[in-house]
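Here is a friendly note to read alongside the model. Keep the viewer open and look up each residue as it comes along.

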Amino acid sequence: MKKLSLRIADLRKRNRITQQELADSIGVSYQTISKWETGVNMPDITVLPLLADFFNVSTDQLLGLKPLDGETYLPEKTATGDFWNQKLEYLLRTRKNYWNQDYARFLISQVWKITEPVSMLDCGCGYGFLGMLLLPCLPEGSTYTGIDFAEDLIQKGKILFQEQDGETNFICKNVFAYSAENQYDVVICQAVLRHLDDPEAFIRKMITFAKPGGYVVCIDANREFECCGLYIDGMDYQELCRHEGLEKKWRTELAMQGRDYAVAIRTAHIMQKLGLVDVDVRMNDKVEFVTPQSPEYEETKANFIAYNDWTAGISEEERETLILHLLNHGLSRKEAEDYCSRNCKIAKYFSDHPEAGYTFMKGKMISYGRKAEK
């Protein structure tokens, strides 16, 4: 019973009744109701049907095993500037291991065959990571412009690029509201589409920024690949790959707000539908193989743990908040609890085995095409 989360307080407040009124109705003291709501005690199993009948809910709903009827869907906030303003430190730590520099050079010189200076627009640029990666690979004289609606990230980008060679510019604006004065040779985004409520509209907007004949490039991870791309030395690979319930979360978010975790594998089809030509897809070749023998092992491992939000120190209240959020997004309580337990187990393993190594393939897909010539 300790894993159950009675929704008595939520139901009582929803029905605008006091603890005393509820107590009188089912024949207990208001102190008993208070103890149930705070988790000090649990009601006897014979009382559960009475409570469920009183609130006109199922016993599973009363016990927090299923969402309450009519409970408002709580959308993810990843398409907001406020969310990303709070993620600056996270982005600085986790983007370091996104790419092999030689593969970035290979794409530019051998795949896209960029041999003359180009203008690049990075949509949803954050602090400008792609600019730092790609500018040194582009022909001399190329320019980089980053646009993002998160002011703190833009300000950090301006500071970081003070020492960068080449012409750079940062714009603090929502991409959907931006009207570019000029068009660009390359319009690119990374790790943006999966966080949006309408990724197709974002790609359509990117196309308007591109010159005729210019490239539109979208880089994102496919969540199925990502879930199966982890091995931690000493742990059961099959268990690490398990993500039962997350598929329900993805389907719920797609249906309720248009947030598409499979957008990476769909992007090239969207590009072709929107009129781009020479559409193709590559895979980023970066695979993290990290052991105590690796350079900067401790920092790399800490960044990896931060990326996955694995924390063994989560409080019971925080855990229950996360479980209720997952219930709201389509999971059963068991699936939500298993998800939390798995994450805590991984965090504890890294804590108990300070020299643990791992291999991680994020599975970033690089979809690109050209804007048709007029």
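1. A residue counts as buried when its relative accessible area is under 20%, as exposed when it is over 50%, and as partly exposed in between, using a 1.4 Å probe and protein chains only. With that in hand, 49% of the 374 residues in the protein are buried. This is a predicted model, where local features need pLDDT of at least 70 and side-chain atom pairs count only at pLDDT 80 or more, while totals for chains, interfaces and linings use all residues. Residues are numbered from 1 along each chain as its sequence is written, and side-chain values use heavy atoms, leaving out hydrogens and water.

2. Now the overall picture. The C-alpha trace spans about 80 × 50 × 35 Å along its principal axes. The protein has 18 helices and 10 strands; these are DSSP runs numbered from the N terminus, with helices being H or I of at least four residues and strands E of at least two. A contact means heavy atoms within 4.5 Å. Of the contacts between residues at least 6 apart in sequence, 76% join residues at least 24 apart. The protein exposes about 18700 Å², and carbon and sulfur atoms supply 50% of that area, as computed by the Shrake-Rupley method with a 1.4 Å probe, where for residues only the protein chains shown count as cover.

3. How many disulfides are there? The rule asks for a pair of cysteine sulfur atoms within 2.5 Å, and the count comes to zero. Cys125 is in no disulfide, since the nearest cysteine sulfur, that of Cys123, is 8.7 Å away. Cys125 is buried, at 8% relative accessibility. Cys218 is buried too, with a relative accessible area of 2%. The closest cysteine sulfur to that of Cys218 belongs to Cys189, and because the two are 3.8 Å apart, they are too far for a bond.

4. Next, salt bridges. Side chains of opposite charge can pair when their charged atoms come close. Here a salt bridge is a side-chain nitrogen of Lys or Arg within 4 Å of a carboxyl oxygen of Asp or Glu, and 21 are counted. One of them joins Lys345 and Glu239, with the closest N and O atoms 3.0 Å apart. This pair links distant parts of the chain, as Lys345 is in helix α18 (residues 333-352) and Glu239 is in helix α13 (residues 237-241), 106 residues apart. Lys345 is partly exposed at 44%, and Glu239 is partly exposed at 27%.

5. Another salt bridge pairs Lys248 with Glu335, with 3.1 Å between the closest N and O atoms. Lys248 sits in helix α14 (residues 246-257) and Glu335 in helix α18, so the pair ties together parts that are 87 residues apart in sequence. Are these two residues buried or partly exposed? Lys248 is partly exposed, at 30% relative accessibility, whereas Glu335 is buried, at 17%.

6. Arg242 and Glu244 meet in a salt bridge at 3.2 Å, N to O; Arg242 is partly exposed at 44%, and Glu244 is partly exposed at 46%. Glu76, Lys249, Glu253 and Arg259 are linked in a network of salt bridges.

7. Turn to helix α17 (residues 316-328). Its 13 residues reach 18 Å from the first C-alpha to the last, close to the 18 Å expected at 1.5 Å a residue; the expected span is 1.5 Å times one less than the number of residues. Its buried residues are Arg319, Glu320, Ile323, Leu326, Leu327 and Asn328, and their cover includes α14 and α18. After α17 comes Gly330, whose phi is positive, near 105°.

8. Finally, a surface feature. Which residues make a nonpolar surface patch of about 240 Å²? They are Phe225, Ile265 and Met283. Patches take residues with over 30% relative accessible area and no salt bridge, joining like charges within 9 Å and nonpolar side chains (Val, Leu, Ile, Met, Phe, Trp, Tyr) within 5 Å. Phe225 lies in helix α12 (residues 223-228) and is partly exposed at 31%. Met283 belongs to strand β7 (residues 277-283) and is partly exposed at 35%. Leaving aside neighbours within four places in sequence, the contacts of Phe225 include Ile265, Met283 and Met361.
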